[in-house]
Structures are given as structure tokens and as C-alpha cells.
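Visitor: Please take one part of this model and go through it closely, with the cut-offs stated.

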Amino acid sequence: LPSTQNSRYQTYQRMWNYMYSKQPSVFVKSTEEGIARVLNSNYAFLLESTMNEYYRQRNCNLTQVGGLLDTKGYGIGMPVGSVFRDEFDLAILQLQENNRLEILKRKWWEGGKCPKEEDHRAKGLGMENIGGIFVVLICGLIVAIFMAMLEFLWSLRHSEQSEV
């Protein structure tokens, strides 16, 4: 949390000031200690999203509150000018394109005993969501054709009367 202490964002600075002034201290030395404290007391633990997901899969009493503060990817550190850099880049890209990284994540992360959490994000529209629109359009089309026929017959009748 040192980056929170020196953050340019006022929200993060307020969070830091609140946590720093709290007694007893809200800081823990390890993730395991933080999770134990969450389970045994009235405590919220700020945790990196990947670890949060991993621990939630293994302990059904844990839950995530709110969304992510920010998202970051992982990297592999190498010395400048490393001969292995291009090989690693290509291998990681190939794993991503083959969906192998997602398969491995599911294998290790979703191996927990907790039931699947309901996804509250917006879902894509399917036929059951927009089927009514087609019914309204078809009914409107039928009414429009019927009205066009009536108008045609009406104008035909009036043109015959005006000719007489």
C-alpha cells in the first residue's frame, strides 16, 4: 500500500490516512493473515484481484465487494538486451492465441469447491430478450399492408366516382 500513501488521487490519499490512523492497526503482514482476519472479525481486506479470485474459489465464506480499483497485467522481468526476450514474447503470444492461458487459469483457479457465483454483469442480447421486437414489427407490417390496401381501394373508388 505504499503507492496509496503517495498517490495523486485524493480518494486513495483519504483511504491511506484513514487506515494509517486506525487503532488497532489495520495492516497485516501477509495475505493469509488478512484473510484470517476477514473471516474472524469485522474487517475488509484490500487484495490484488488475481489472488482475491483464487482465495474466493477456495473459501466460500469470502466475497468480493465492489469492482476492481484498477487492472494491471503481469510481466516477466529480464535484463536489458536479453536474448530470451523475443522467444518469451512469442511463446506467451502463442499461448494467448491458443487460449492455453485461459484453460490453465480455469484449471487452477476454478478448481475450488464453491458453487459458481452469479455473474451480475450485463449479458448479451439473445432472441429471448429481443423476440418481442420482431412480433411488433411483423404486426406493424401487417397493419401497414392492410391500411395501404384500404387506401388504394378508397382512392380507386373515389376516382371512379369523380370520372362519372
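Guide: N52 sits in helix α4, residues 49–58; helices here are DSSP runs of H or I with at least four residues, numbered from the N terminus, as strands are (E, at least two). The model is predicted, and local features need pLDDT of at least 70, side-chain atom pairs count only at pLDDT 80 or more, while totals for chains, interfaces and linings use all residues. Residues are numbered from 1 along each chain as its sequence is written, and side-chain values use heavy atoms, with hydrogens and water left out.

N52 counts as buried because its relative accessibility is 15%; buried means under 20% relative accessible area, exposed over 50%, and partly exposed in between, with a 1.4 Å probe and protein chains only. Apart from neighbours within four places in sequence, N52 is in contact with L47 and Q64, where contact means heavy atoms within 4.5 Å.

Helix α4 also meets helix α6, residues 100–109: their axes come within 10 Å and cross at roughly 45 degrees. That angle makes α4 oblique to α6. Axes are lines fitted to C-alpha atoms, for helices over the stretch in contact, and angles run from 0 to 180 degrees between N-to-C directions. Under 35 degrees counts as roughly parallel, over 145 as roughly antiparallel, 65 to 115 as roughly perpendicular, and the rest as oblique. On the α4 side, T50, E53, Y54, Q57 and R58 meet K105, W108 and W109 of α6.

In the loop between α4 and α5 lies I76. I76 is exposed, because its relative accessible area is 52%.
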